Amino acid sequence: MIELAEKDKSIAQMLLNFGACPRCIFRFCRVELQALYRRPYKELLCELHTFLQSNNNESPCEMAQPPCKRIRLESTKEDTEEQTPNGSHQPTNAEKDGAAEENLRPAVCNVCLGILQELCETDFVKAVCQKINSSEYQFSSFVFSVSFPPQLSVREHAAWLLVKEEMRKQDLLVEKDDLVQLKEAYKWIIHPLFLEELGVPADGKSLFEVSVVFAHPETDEDCHFLAVACRSCFKPAKNKQSVFTRMAVVKALELIDDDDFHKNFQCPPSSPKTPCTAVDIQCTNGAIFVAGRYNKYSRTLPQTPWIIDGERKMESSVEELISEHLMATFKADSFNFSSSGREDVDVRTLGNGRPFAIELVNPRRVHLAADEMKALQQTINNSSDKVQVRDLQIVTREAIGHMKEGEEGKTKSYSALIWTEKEIQKEDIAILDSMKELKLDQKTPLRVLHRRPLAVRVRVIHTMHSEYIDEHHFRLHLKTQAGTYIKEFVHGDFGRTKPNMGSLLGMTADILELDVESVDVDWPPALDNE
Amino acid sequence: MAEDGSERPAVMATVPGVTERYFTRWYKPDAKGNPCEDHCILQHSNRICVITLADAHPLLQKGKAIERISYQISANCSRLQNKVSGKSKRGAQFLTELAPLCRIFCSDGEEYTIYSCIRGRLIEVNESILDNPSLLQQKPYSEGYIAVVLPKFEESKSVTQGLLTRKEYEEVLSKRFNCTL
Ligand SMILES: [Zn+2]
């Protein structure tokens, strides 16, 4: 019934003496039948004893009642030579424990410290789910991640050394990796319970993660001898509270030789008084991405918050005017704004707008129906006349690449209001209209030189079209290679952009206004909203 | 939002030029104690400084003809060899206030040295004035600049402490004018 073979008997008995729970015994006997692990603890205990006592005539039900600790004492007395390889076992500890208390709860497993006992049972799962359900998360599956205290690896190793020795006696060749890992057995048991409580399945690819961190302060010192025995594994790290990370402990256990381990670690270890406790239960949803295009109609609105020396220079920003509504709707922890290029604070973005994408980190909501999305877009547009958005939609992380790819090769269209020092006639500016594919040598503009490398870049103005206004003003429509600095092309930047409007017209020129007319990136796809 | 020309009048009222919009002017009169050899330092709000001649510099007075400009400031140091790389402008020559930037030779035999006037790293010198020295006189505050210098971040405020504001400089000029009367 419990899938243990006759050959497993001595190992099972030995582990029972060690203080292991039935499920840990199955793990060390490489039982891979998941259904077995899910059966009630008491039944497993009862049947295990039946199996171990099968040569005797004792009734199994009688055996089911006493906790395994009592059983261990009895069997210790029976085969003392076999169970204490280093002679360090002190059964007196257990004997001191009150028998009444033992009857209430099974003794805490000396290997898993309760993980495969009450910590994988319905009450525990219910408590975790209560936390999940109170947190407003929208999810259709979950991935469960669990972190065990590092000393569990030490106890696992101690039990493994015993088992290994016994196996060798039986001429069996088994590797530590062949055992059923604690984490694996734990998930076998707990996933169906979560499915029952949450109504959604476990899925390793789910973006909704439930993570539980277990700790067991009572036995934290179990690891400490490793720092002396394997000093090289325990380098202090800046952001870790303790050098005894699970990784470091596992690595040390791979390196330490068996004799050293036995010399330093009492085997079996003293029985724990309490099981592990869940010290941290966290839910996180994977980031979602919302994309669209924005128009900016203000010349006093920066794209992102403008902060110099910790001081805010301008109220609000494009990023904030859009994101605050997304944050409220998706209930995210934070956001990251990106866009296809950016405009200066005093530049408007007209036409079809500029593509942008916003990453929403750890959102509670992850789905929005088309009409809800439309309503969200309307809310943004009603809240400010400085910024308007269109084509608002949820996109994949991968799709964000379309926005950034080939930015250099794209064209941008601008409209500039230009002032000339000398008086002009229509004919004076007409020469601009005939210039096609005009190559510019642009030195990194002085206004960004403090944060960008100094270089001369060749940029192309594909076409220009001028509209005469009066003797000192005209409007210029330009189609340029992305990355062209328009302001510098007009005022010349101390002659650092060549040619420039001044050199082309033979007079000093300045730029009074600049608008982006279009950003030629075909992403995100247009939605027919209107 | 009006996108036609109706908003024109407001923005077309006298708008300050590029230099006035983005740069603060600082002055160093009588650089290195040489009377009237005034320098002007245009500091951008991003701390970049452009070194130029100031109005009263003898080179900008009527009748001066520039023969030659040289960035070779000593036998083994030429400002033309200055090369910077990366965002952090590695490899820049470091300048103190009295570091010479270039020497300007006039047809009347006079020779003038232009100084950095501020501590910082030399980012670039204006090579256009080598071929066309008259730029220096025609457009001293734009295409006729001498060099671009980047002060250290932590010194971006203190580098201009020994310099005069435009108002203070105008006072110096009027005093100087009154003395010569
Ligand atoms: Zn266990």
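Student: Among contacts in chain B between residues at least 6 apart in sequence, what percentage join residues at least 24 apart?
Tutor: First, a word on conventions: this is a predicted model, where local features need pLDDT of at least 70, side-chain atom pairs count only at pLDDT 80 or more, and totals for chains, interfaces and linings use all residues. Residues are numbered from 1 along each chain as its sequence is written, chains are lettered from A and ligands numbered from 1 in the order in which they are written, and side-chain values use heavy atoms, with hydrogens and water left out. A contact means heavy atoms within 4.5 Å. For contacts in chain B at a sequence separation of at least 6, the share joining residues at least 24 apart is 58%.

Student: How many of the 181 residues of chain B count as buried, as a percentage?
Tutor: Buried means under 20% relative accessible area, with over 50% called exposed and partly exposed in between (1.4 Å probe, protein chains only). Applied to the 181 residues of chain B, that gives 48%.

Student: Where does Asn46(B) lie, and is Asn46(B) buried or exposed?
Tutor: Asn46(B) sits in the loop between β2 (39-44) and β3 (49-53) of chain B, strands being DSSP E runs of at least two residues, numbered from the N terminus. Because its relative accessible area is 9%, Asn46(B) is buried.

Student: Which backbone oxygens does the side chain of Asn46(B) reach?
Tutor: Asn46(B) touches a run of chain A residues, including Val448(A), Leu449(A) and His450(A). A polar contact is a pair of N or O atoms within 3.5 Å; within protein, one must be able to donate a hydrogen and the other to accept it, and residues adjacent in sequence count only if both atoms are side-chain atoms. At 2.9 Å the side chain meets the backbone oxygen of Leu446(A), and at 2.9 Å a polar atom of that side chain also faces the backbone oxygen of Arg447(A).

Student: How many salt bridges cross the interface of chain A and chain B?
Tutor: A salt bridge needs a side-chain nitrogen of Lys or Arg within 4 Å of a carboxyl oxygen of Asp or Glu. Arg21(B) and Asp510(A) form one, their closest N and O atoms being 2.8 Å apart. Across the interface of chain A and chain B, the rule finds 2.

Student: Which strand supplies the largest share of the side of chain A that touches chain B?
Tutor: β8 (347-361), β12 (456-470) and β15 (509-519) of chain A each give that side at least two residues. The largest share is 4 residues, from β15(A).

Definitions and conventions
Lists of a residue's contacts leave out its neighbours within four places in sequence.
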